[in-house]
Amino acid sequence: MTEFIIRAITGKPINVVENAGEILTELKRQGNNLNQAVRNYYCDNDTGAELDSCV
């Protein structure tokens with residue numbers, strides 16, 4: 001918000017991202033999936049072997 005106000009006052013261009021809500025939703029989902037994979041990696045040895053093979 002601060003950056004927006006500074007840009008508006010100084011006359012610098014303000015970039016608007018279309019469909020930002022959809023992008024944020026997808027990023028949250030991907031973050032959740034990553035957290036689940038890491039948690040499973042540390043809690044279950046079989047899952048850890050699966051992840052190692054994927055990497």
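In this predicted model, F4 lies in helix α1, which covers residues 2-10, where helices (H or I, at least four residues) and strands (E, at least two) are DSSP runs numbered from the N terminus. Residues are numbered from 1 along each chain as its sequence is written, local features need pLDDT of at least 70, and side-chain atom pairs count only at pLDDT 80 or more, whereas totals for chains, interfaces and linings use all residues. Side-chain values use heavy atoms, with hydrogens and water left out.

The chain comes to 3 helices and 0 strands, and along the sequence these follow the pattern α-α-α. The loop between α1 and α2 (20-43) holds N19, and N19 has a positive phi of about 60° although it is not a glycine.

Of the 55 residues of the chain, 4% count as buried.

The radius of gyration of the chain is 19 Å, whereas a compact globule of 55 residues would have one near 10 Å; this radius is taken over C-alpha atoms, and the globule rule is 2.2 Å times the number of residues to the power 0.38. Along its principal axes, the C-alpha trace spans about 55 × 20 × 15 Å.

Methods. Buried < 20%, exposed > 50% of the residue type's maximum accessible area, 1.4 Å probe, protein only.
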